[in-house]
Amino acid sequence: MYLSREEEAMLAGEYGYAAQKSMEILVALGKIYDAERMVEIKSAQVSGVSYKNLGEEGLEFILKLAEDGRVRVPTTLNPCGMDLERWREIGISEDFAEKQLKVIDAYLRLGIEPTLTCTPYLAGNMPEYGDHIAWSESSAIIYANSVIGARTNREGGPSALAAAIAGRTPLYGLHLDENRTPSIKVHAPRLSEEYEFAALGYLVGQIVGDGVPLFVGLGMPSRDHLKALGAGLACAGGIALFHVEGVTPECIRNPSMRADERIQIELREIREAVRELNNEGSEPELVFIGCPHASIEQLMTFLELLRGRHVKRETWILTSRAVRDQAEKLGIVDRLESLGVKILCDTCPIVAPISSLGVRSVATDSAKGAWLSQNLNGLEVKFGPIEMLLEVVVK
Amino acid sequence: MIELIGRAIKEGRAEGIALVSEEPISFYGGVDPETGKIIERGHPLYGSAVSGRILVFPHGKGSTVGSYILLRLKMRGLAPLAIINERCEPIIAVGVTIAEIPAVDHIDISKIPQGSRVRVDGRRVIIYPLNPVNSYHWR
């Protein structure tokens, strides 16, 4: 792999420990992917923020990097294990909070923005079409690649952090044109609800594995529809890029985009996927939307559908602080909170230690949220449209 | 004795008893960072400790948090002595780099018998013949 003089210098330790360790990580990745060289990046999104995942050793590693490391590009953070302001309210312990704050502090020292969201594109980190970036968090990756047309591989926490510190990433995979062409054409039914797009993503993700699907027949999905579709695809398969005919930017620029393989998805298959993500007879203790983090439109829709009814079960809307602040100015936060809905930031029920909060059963409209709750956190799940969730919480 | 040449993902030297898995290993959710034991339900090596072994498996899988799990194991003295893969993927590549665990890939792992004594040296993997004394020690 070709390294520039500056990259050689970083690798040799001339720019300090953090830069050296970062280059080692990037070179190891470049090696396994036969990358010709590095490419400079415009931004980074770092995962590995929740103390639940990092542990004491992960924290020590980041502290070590923070001694002499500084990121060279705008860098944003994934959600952590708690809402930084309201952690007591949701039952997080003092011990956990103390450790979590130490993690955030270490990232701050590296010069990273504590956006604490899986939707950096809604919190000030919006790439341009064609930008080379190094993002982690599978739903953010697929959104950046597919809906924005930027270019990133599926980075992990450490590799995204390394790329942020070195300001570059190995040139392989989705940074290259030839790897962005569709591998399969998916004829899908016209859908209207987010949870259906989520279920479609979950279903197609399992079928396609780690290819690049090109969807036709979806109509005109909104950004939130595409966000849900992407999250499902990324969660179920190793998918980092999808196209939607006539909608996504690379399709618009290449209208003759095609794939040799094709499959047809019927509505009943989507309904079957929805059933798969449901545990029969479960009684949710916590209902949540905002996986990925909610947009302002989703907050407004939830408020509208609530029609002034007060919730009677624990109901969370997870979002970024940036979106919450916008919603606050519009009076939406007050109205939702007065109906008993908690709008939480900086975290999510996947990376927060919610089983230690006594939660054994959840309900959500997110396929990713449902699958991870079941398989990562061992919880029972109800998955379906917002209307179904509302029926659960107002009783 | 058999010598295999692979590709060094993390240069280093280690020698020990091989713990061989024909199935991929997920470090996040699949290996307990507190005990070093494989905890993935249904895994053929369920309950075995990776600690202090030459860990041989086709490739990693699962969440990239797995890289941090490797680091946690190393810092607690519970990590494998070295890792041998058929084809290394990012979780392991990044994990062995930050945890400083010697690692080699492009190795035909079917050539490594369970419990054999194995030495890793850069891109070289040396497999010593299996004998009753060797295999007694692998537990």
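Buried here means under 20% relative accessible area, exposed means over 50%, and partly exposed covers what lies in between (1.4 Å probe, protein chains only). By that rule Tyr195(A) is buried, and Phe383(A) is too. This is a predicted model, in which local features need pLDDT of at least 70 and side-chain atom pairs count only at pLDDT 80 or more, while totals for chains, interfaces and linings use all residues. Residues are numbered from 1 along each chain as its sequence is written, chains are lettered from A in the order in which they are written, and side-chain values use heavy atoms, with hydrogens and water left out.

Turning to the rings, 7 aromatic pairs turn up over all chains. Rings of Phe, Tyr and Trp (its six-membered ring) pair if their centres lie within 6.5 Å; planes under 30 degrees apart are stacked, over 60 edge-to-face, and the rest tilted. Tyr33(A) and Tyr172(A) count as stacked because their ring centres sit 4.1 Å apart with the planes at 5 degrees. The two partners are 139 residues apart, with Tyr33(A) in the loop between α2 (17-32) and β1 (38-40) of chain A and Tyr172(A) in the loop between β5 (168-170) and β6 (184-187) of chain A. Tyr33(A) has 34% relative accessibility, so it counts as partly exposed, whereas Tyr172(A), at 8%, counts as buried. Tyr195(A) and Phe383(A) have their ring centres 6.0 Å apart and their planes at 65 degrees, so this pair is edge-to-face.

Next comes Glu137(A), found in the loop between β4 (134-135) and α5 (138-148) of chain A. With 15% relative accessibility, Glu137(A) counts as buried. Contact means heavy atoms within 4.5 Å; setting aside neighbours within four places in sequence, Glu137(A) is in contact with Ser47(A), Asn78(A), Cys118(A), Glu155(A) and Lys368(A).

As for the interface, 26 residues of chain A are in contact with 21 residues of chain B. The count between the two chains, B and A, is 3 salt bridges, each being a side-chain nitrogen of Lys or Arg within 4 Å of a carboxyl oxygen of Asp or Glu. Glu57(A) and Arg72(B) join their side chains in a salt bridge (3.2 Å, N to O). On the side of chain B that touches chain A, the elements giving two or more residues are β2 (7-10), α1 (66-75) and α2 (90-99) of chain B. Helices (H or I, at least four residues) and strands (E, at least two) are DSSP runs, numbered from the N terminus.
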